[in-house]
2 protein chains.
Amino acid sequence: MSLASERNDIELDEKIKEQHRIDSLNLLLYMMLLITTVLTVWMFKHRRMRYMHETGLALVFGLVVGALIRYTSVPSAISHVEVKAVSHPTYNGTLPPDYLWYHMKRKRDPVGPLVENRTYAYRLTGEVEDLTGNQFAQQATFDPEIFFNIILPPIIFNAGYSLKRKFFFRNLGSILCFAFIGTTISAFVIGGVQYTFGLLFTYKPSLLDCLYFGALISATDPVTILAIFNDLHVDVNLYALVFGESVLNDAVAIVLVTAIENYAKLYATAADGFEAIAFLKAIGLFFYVFCSSFLLGSVMGCATALLTKFTHIRDFPLLESSLFLLMSYSSFLIAEAADLTGIVAVLFCGICQAHYTYNNLSDEARVRTKDFFELINFLTENFIFSYIGVSLFTFPKHQWDFAFIGCAFISLFVGRLLNIYPLSWLLNLRRNPKIPLNFQHMMFLAGLRGAIAFALAIRNTYSVGRQTILTATSIIVAVTVVYGGLTTQLLLWLGIPVGGEAEEDETTGLNQMQRTRPPNATGARDNPEKARLVRLWSNFDTAFMKPLLTNARPTLLETLPMCCHPLARLLTSTQQLTQDTSNKYDDDGEGFLEGDDASLHGAGGDSGSIHSNGRQMTAPDAAGATSPPPAASHM
Amino acid sequence: MSLASERNDIELDEKIKEQHRIDSLNLLLYMMLLITTVLTVWMFKHRRMRYMHETGLALVFGLVVGALIRYTSVPSAISHVEVKAVSHPTYNGTLPPDYLWYHMKRKRDPVGPLVENRTYAYRLTGEVEDLTGNQFAQQATFDPEIFFNIILPPIIFNAGYSLKRKFFFRNLGSILCFAFIGTTISAFVIGGVQYTFGLLFTYKPSLLDCLYFGALISATDPVTILAIFNDLHVDVNLYALVFGESVLNDAVAIVLVTAIENYAKLYATAADGFEAIAFLKAIGLFFYVFCSSFLLGSVMGCATALLTKFTHIRDFPLLESSLFLLMSYSSFLIAEAADLTGIVAVLFCGICQAHYTYNNLSDEARVRTKDFFELINFLTENFIFSYIGVSLFTFPKHQWDFAFIGCAFISLFVGRLLNIYPLSWLLNLRRNPKIPLNFQHMMFLAGLRGAIAFALAIRNTYSVGRQTILTATSIIVAVTVVYGGLTTQLLLWLGIPVGGEAEEDETTGLNQMQRTRPPNATGARDNPEKARLVRLWSNFDTAFMKPLLTNARPTLLETLPMCCHPLARLLTSTQQLTQDTSNKYDDDGEGFLEGDDASLHGAGGDSGSIHSNGRQMTAPDAAGATSPPPAASHM
């Protein structure tokens with residue numbers, strides 16, 4: 001592949017990214033309008049004003065924003081070529097134009113001498129490789145923007161919203177290590193292997209394409225594995241490691257993809273010899289993008305918490321749920337519009353919403369948001385997998401390069417190998433409840449690829465390289481998902497203790513848990529390293545974040561020093577002051593704090609854990625409560 | 001406008017409809033895949049088989065269907081023109097091609113002699129009128145297919161699902177009269193007036209365009225009015241009339257639109273003198289489309305009821321809710337794919353789901369589906385109104401014909417006048433609780449236009465005529481929605497009794513109801529005409545439909561004659577037989593049957609009505625329960 005062609009691909013990427021940014025801005029515009037409407041409606045209701053219905057408000061706000069856009073925005077550059085049936089078009093750009101305008105001159109009516117001119121606009125849909133293909137097949141594919149902007153966010157958000165934070169935080173160090181270092185190793189190993197064997201392939205991939213493939217295929221999908229873990233009640237630490245790794249490595253993988261794109265751009269535009277600088281810049285960008293997205297998501301989550309704490313919007317659960325939903329989705333869109341990664345933002349937004357906002361919600365809104373995201377998550381996830389199946393046959397742009405695909409399986413294997421085992425060895429040097437070898441095997445085998453990898457691959461299929469990547473990703477996802485059904489056998493074979501037949505019987509399940517859990521739970525607590533990290537954050541969280549962001553006791557008045565009391569009073573809601581002290585922070589059966597407090601005060605740690613299980617039984621998703629972490633419990 | 005041009009527009013319409021049909025088929029395909037997945041997953045869970053996770057199943061089914069499509073479907077005709085930068089394109093069709101293929105020859109790299117050829121596909125997006133406009137503005141518009149296929153169905157479904165059937169059925173005769181005859185009068189009056197004054201307009205609309213406009217603008221939107229009715233507890237019969245009319249007239253209006261399109265097509269292709277036949281055919285088509293869509297929707301609703309009755313899917317509420325949602329949405333898509341109207345299908349599907357399926361759902365799924373649709377309805381509705389506001393300024397294809405818009409307001413007024421008053425006079429000849437004059441005034445003034453009219457108008461904006469219609473519709477919707485805020489004043493001014501200050505206080509609200517309701521309720525029952533119609537259906541429903549479709553008592557064994565008992569046993573679920581007899585048919589506080597049974601047996605009718613109110617208080621949406629029909633109670 002020539003340099004010119006590669007540069008052209010990079011420019012085309014840029015163009016698509018710009019398009020995506022505009023799409024996101026666009027959706028964001030409507031989300032902001034809806035948020036404004038919801039808040040205004042609430043204010044009207046709250047003050048018992050009845051001038052206008054919410055739809056009227058939505059319309060009026062829409063009019064204002066529409067006028068602003070119309071009369072303030074500068075026309076941006078859209079290229080188009082006018083194609084006339086009589087003269088040939090002239091266009092000298094290196095990239096295809098965004099639009100073609102087709103002038104038709106028609107003489108239709110046999111009676112009269114009518115000649116009519118009409119101009120039709122045509123929008124760029126992509127590169128044509130195969131000039132055959134029937135209409136239905138071409139239609140059975142959706143706009144990748146729909147995948148990325150509509151289907152993906154709820155899946156990721158739900159992962160964060162239903163994250164069992166207790167065990168996640170207990171294993172935070174190991175999870176971060178696997179997610180950051182492991183995913184990077186995996187991406188570069190896969191990219192490297194693919195590039196090395198590139199000579200064998202029909203299509204010679206560029207290094208950029210190989211690394212891009214390496215990064216996106218490193219996003220593992222926990223869905224299948226976790227559903228089975230859930231059914232079988234495997235060890236909670238193994239669960240936390242597998243779930244935590246796969247949730248975070250999606251985030252890391254997608255930022256890596258962005259960083260690699262940036263590197264390619266920097267490299268292509270820089271003069272020779274500046275590779276090192278481009279590389280360093282790309283690393284800098286990686287951390288900038290990750291941290292900014294993380295911050296953005298957290299800030300949006302905390303903003304929702306503040307909004308739900310200091311307004312009385314909880315009196316109107318429908319408005320409350322709408323606000324919750326709109327704020328969460330906005331965090332994705334803001335990040336995408338600001339050239340950060342929405343996936344990371346919406347993931348951490350979900351975690352913050354679960355940790356803070358959830359406590360301020362009315363009971364109705366709690367059930368509603370949980371149910372809503374569970375249902376949407378179930379449908380979107382299955383939709384993606386259906387789509388992968390159908391599109392393997394109908395997507396018109398597949399590039400079947402079997403050498404590439406075969407090699408990909410090998411590189412995946414090697415990449416996962418060099419990720420899990422060396423890192424586990426490294427972690428086991430410090431970790432107290434060591435990661436036993438059978439857990440390592442299980443983690444190695446749990447690296448299935450799924451919805452995220454596919455959604456990343458289908459985003460850009462303009463060039464042949466990207467089309468090859470999409471095909472390979474589809475095949476890999478299909479194979480690993482079907483293989484996921486073997487997990488039950490694998491668990492047995494690896495001798496990993498499972499909770500046995502408790503699955504259907506809730507009461508015996510609970511007993512089972514009381515018997516099987518404590519050893520693991522206390523095991524984790526013996527680790528002084530981990531405890532310090534968790535305790536540091538937990539103290540800050542209890543003393544400042546929760547009193548500030550939620551309606552739970554203690555208030556800031558109790559936790560802040562005397563000098564800050566005027567400020568503290570301002571930041572304490574009336575509800576927070578007047579409520580019963582016994583009604584402490586309700587963590588949706590998380591028990592993260594409870595368990596932790598217990599260990600801090602040296603009280604019986606086990607009771608905390610059992611207590612939290614007892615709570616779970618009353619939570620809306622009580623059906624799955626006996627399984628250690630009902631996060632991904634689909635039904 | 002010349003005949004040739006008009007014919008061309010009709011052909012373009014056909015082409016768009018074909019495109020829409022394919023889009024619907026496409027979505028339908030995925031819905032069917034998801035339904036199959038849900039049912040298979042349930043079966044696996046039910047039989048405790050654990051071979052494969054649901055995502056794996058979705059993928060496998062997808063693969064099968066994808067292969068079927070790939071290897072069996074015949075390529076349909078997509079036209080494309082190859083545009084080469086060096087030679088001029090040749091294309092002799094009368095309609096614009098679906099795709100343009102643009103061949104680019106590029107010499108990019110200044111170093112090497114590389115010349116590369118790439119071909120890009122461009123898809124038809126519409127006629128270009130204004131050759132300016134900036135990118136953001138063009139972007140702030142969505143694909144009308146998204147409106148029609150994604151945003152509209154939940155709004156309509158929710159109208160049916162939350163319909164208060166009791167008072168709806170009481171006033172069924174009048175509602176049907178207003179919906180069918182009234183909407184037709186309105187459509188033809190508006191179309192006629194617009195065509196008559198056509199000479200005044202910049203753009204001379206064709207009769208077809210005028211009738212099209214008349215039909216789509218006849219779809220009234222009850223949202224604003226009903227929210228206020230709800231807050232103020234107006235008379236239940238007035239509520240039922242306004243709600244029933246506006247729900248059904250959407251359905252009638254959209255079928256009228258289809259019939260008019262069909263008429264135009266028939267007229268255009270027929271030789272002269274066959275107008276009468278074309279007209280009759282169009283009327284025939286109207287009834288065919290309406291009845292088939294109605295049947296399709298009802299059948300899908302009943303199928304869901306049967307599925308939920310005879311499978312034990314209620315053990316897995318998430319699967320149950322998913323199935324419910326997918327089946328309902330499928331009714332829309334099947335109708336659209338079969339050239340019927342999805343709006344009608346999904347409306348009646350919603351009514352059936354509420355009437356039968358709701359009773360078979362688990363408690364969790366009841367709350368979940370109600371909440372889900374309420375939330376989605378709230379968001380989509382406000383989204384549409386925001387969009388109308390924004391697009392008034394940013395939509396690139398607006399045609400501002402102020403004479404047309406001004407005239408439209410007058411014709412709307414006249415159309416509504418000739419709809420409400422003459423029909424009320426006619427109905428009052430037979431109706432027992434007559435429609436008093438102040439109710440008629442209120443109904444006249446309640447004819448706001450909203451989301452449905454807009455969604456119909458934005459479906460097709462390829463021609464200038466349709467663009468003029470869209471602009472006029474947007475303006476009308478904007479004006480009437482903002483004016484809707486005056487309803488409270490109107491009610492006072494017309495002296496219509498309202499429930500007073502009961503709004504915030506639920507307990508006094510209930511008392512209020514007990515005081516204000518009985519006169520109306522008994523008034524309606526005095527009408528022998530109505531009672532006969534309702535009684536006939538009610539008897540059949542109680543004796544056959546409910547025992548067959550729901551888990552409620554009595555069973556078919558009790559209602560069918562002895563000879564049918566073997567069949568009846570087959571159609572009775574174990575759950576139905578074993579459940580407590582006291583647990584009678586739960587109608588979600590509807591009281592339609594209870595009230596009716598009470599009146600049939602001559603027992604105190606009032607108690608039935610109050611009883612149903614008492615029930616409502618325990619229903620999930622109890623917050624709005626004191627208002628007579630909490631159907632559209634948005635918060």
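A: Helix α11(A) is largely enclosed by the rest of the structure, because 20 of its 21 residues are buried; buried means under 20% relative accessible area, exposed over 50%, and partly exposed in between, with a 1.4 Å probe and protein chains only. The helix covers residues 317–337 of chain A and reaches 30 Å from its first C-alpha to its last, close to the 30 Å expected, where the expected span is 1.5 Å times one less than the number of residues. After α11(A) comes A:Asp339, whose phi is positive, near 65°.

This is a predicted model, in which local features need pLDDT of at least 70 and side-chain atom pairs pLDDT 80 or more, while totals for chains, interfaces and linings use all residues. Residues are numbered from 1 along each chain as its sequence is written, chains are lettered from A and ligands numbered from 1 in the order written, and side-chain values use heavy atoms, without hydrogens or water.

Chain A as a whole holds 25 helices and 3 strands; these are DSSP runs numbered from the N terminus, helices being H or I of at least four residues and strands E of at least two. Of its 635 residues, 62% are buried. Among contacts (heavy atoms within 4.5 Å) between residues at least 6 apart in sequence, 77% join residues at least 24 apart.

Elsewhere in the chain, A:Ile283 lies in helix α10, residues 275–310. A:Ile283 counts as partly exposed, because its relative accessibility is 36%.
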